[in-house]
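Let's take a friendly walk through this protein chain together. Please have the sequence and the 3D view open as you read.

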Amino acid sequence: MMEGKQVGVIGGGKMGGALIGGMVSGGLLPASALTVADTDRTRLEELAKSYGVHVTKDNREAVRGADLVLLSVKPQNMAEVLDELADAIGPSALVISIAAGIATTFIEERLGKGARVIRVMPNMPALIGEGAAALAPGSFATETDLKLAKRIFDAIGITVEVKEALMDAVTGLSGSGPGYAFLIIEALTDAGVRMGLSRDVALRLAAQSLLGAARLCLKGEHHPAELRDMVASPGGTTLAGLKVLEDGKLRSVLMSAVEAATRRSAELGGRK
Ligand SMILES: NC(=O)c1ccc[n+]([C@@H]2O[C@H](COP(=O)([O-])OP(=O)(O)OC[C@H]3O[C@@H](n4cnc5c(N)ncnc54)[C@H](OP(=O)(O)O)[C@@H]3O)[C@@H](O)[C@H]2O)c1
């Protein structure tokens with residue numbers, strides 16, 4: 001699907017770098033098909049050395065002749081980058097943006113000519129190939145464009161498609177989700193230490209317990225509540241712990257957290 005395609009990446013930072021790594025290591029396309037532009041020369045040298053991709057400080061050079069343009073600069077740099085690229089991006093190029101909060105209409109208006117745009121909200125574990133990304137097509141993107149974008153993000157985790165209006169909800173759940181999980185892992189670790197385990201042992205047990213449980217959920221064979229019933233034997237230890245979590249309203253607290261983060265995402269994007 002990506003054979004023979006030329007890809008221009010604007011912004012080779014943390015997320016841009018993860019995407020480049022995913023595409024090259026995942027065998028989606030040869031390193032020679034990728035040109036990465038960034039303002040940071042040291043970063044470009046690192047990317048050239050790690051993956052063998054072409055690099056340039058000139059954004060326009062990176063997108064010239066590109067079939068696919070990946071925009072992975074910070075949201076505050078998007079307007080400037082789009083204005084710079086508008087007449088350098090070819091009319092048949094697909095544009096994928098991962099900039100949080102930047103609407104496809106914003107990109108379409110600046111690029112003009114019925115630009116085909118797909119907006120993606122990835123999350124931080126994409127850096128180790130365990131990301132969760134939501135994709136939303138703009139007004140002119142096709143089914144084939146969406147499939148191509150899915151392939152790229154499948155190389156660094158899992159993907160789902162959502163309507164663009166739900167991108168704030170995605171930001172509140174999976175965008176911010178790793179942050180919630182780090183807090184939970186840290187708290188469980190402290191709890192284990194409090195009960196006498198060493199910190200190192202407690203951290204490994206806490207993190208792997210969440211990872212294992214998450215993998216079971218992703219298998220999709222059982223609802224999380226069924227899985228919970230399987231580990232909660234009558235009168236047993238897990239139910240003793242679960243009772244405390246229910247008393248502390250963990251479920252309600254998590255709902256409020258996702259709601260607050262979703263609202264904040266909308267506020268930051270000037271949608272509320
Ligand atoms: N990291 C995440 O977990 C995450 C999750 C979801 C979405 N995103 C989105 O991903 C995008 C990138 O985030 P990131 O964490 O990868 O940021 P980052 O590490 O700061 O990467 C951005 C890169 O773009 C470069 N850059 C800045 N202005 C530029 C310009 N005018 N032309 C070309 N390159 C330019 C930066 O160089 P300098 O360092 O020299 O400025 C930097 O190397 C953001 O829009 C963010 O909303 C990130």
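## The chain as a whole

Please keep in mind that this is a predicted model. The protein chain has 272 residues, of which 36% count as buried. Its secondary structure comes to 12 helices and 8 strands. Taken along the principal axes, the C-alpha atoms fill a box of roughly 70 × 40 × 30 Å.

## Two domains

The chain is divided into domain 1, residues 7-167, and domain 2, residues 175-268. Their centres, taken over C-alpha atoms, are separated by 33 Å.

Where the two domains meet, 5 residues of domain 1 are in contact with 5 residues of domain 2. On the domain 1 side, the residues that touch domain 2 are 3 nonpolar and 2 polar, with no charged residues.

In soluble globular proteins, nonpolar side chains tend to be buried together. In this model the largest nonpolar core has 62 residues, and Val69 and Val95 have the most contacts inside it. Helix α1 gives the most to this core, with 6 residues.

Which residues does Val69 touch? Leaving aside residues up to four places away in sequence, Val69 touches Gly8, Ile10, Val63, Ile89, Ala93 and Val95.

Helix α6 covers residues 143-154 and has 12 residues. From its first C-alpha to its last, α6 reaches 16 Å, close to the 16 Å expected at 1.5 Å a residue. The buried residues of α6 are Asp145, Leu148, Ala149, Ile152 and Phe153. They lie on the same side of α6 because they cover an arc of only 130° around the axis. An α-helix has 3.6 residues a turn, so residues three or four places apart point the same way.

On the other side of α6, Glu143, Thr144 and Lys147 are exposed. What covers the buried residues of α6? The cover includes helix α1 (14-25) along with strands β5 (94-97), β6 (116-121), β7 (131-137) and β8 (157-161).

## A glycine in a loop

Gly13 sits in the loop between β1 (7-10) and α1. Gly13 counts as partly exposed because it has 14 C-beta neighbours inside 10 Å, where a buried residue would need 20 or more and an exposed one 12 or fewer. Gly13 and Thr39 are 26 residues apart in sequence, and their C-alpha atoms are 9.9 Å apart in space.

Technical notes
Residues numbered from 1 in each chain as written. Predicted model: local features only at pLDDT ≥ 70, side-chain atom pairs only at ≥ 80, totals over all residues. Helix = DSSP H or I, 4+ residues; strand = E, 2+ residues; numbered from the N terminus. Expected span 1.5 Å × (residues − 1). Arc of directions from axis to C-beta. Contact = placed C-beta atoms within 7 Å. Domains from an automatic or database assignment. Nonpolar A, V, L, I, M, F, W, Y, C, P; charged D, E, K, R; others polar. Core = buried A, V, L, I, M, F, W, Y, C linked by C-beta atoms within 7 Å.
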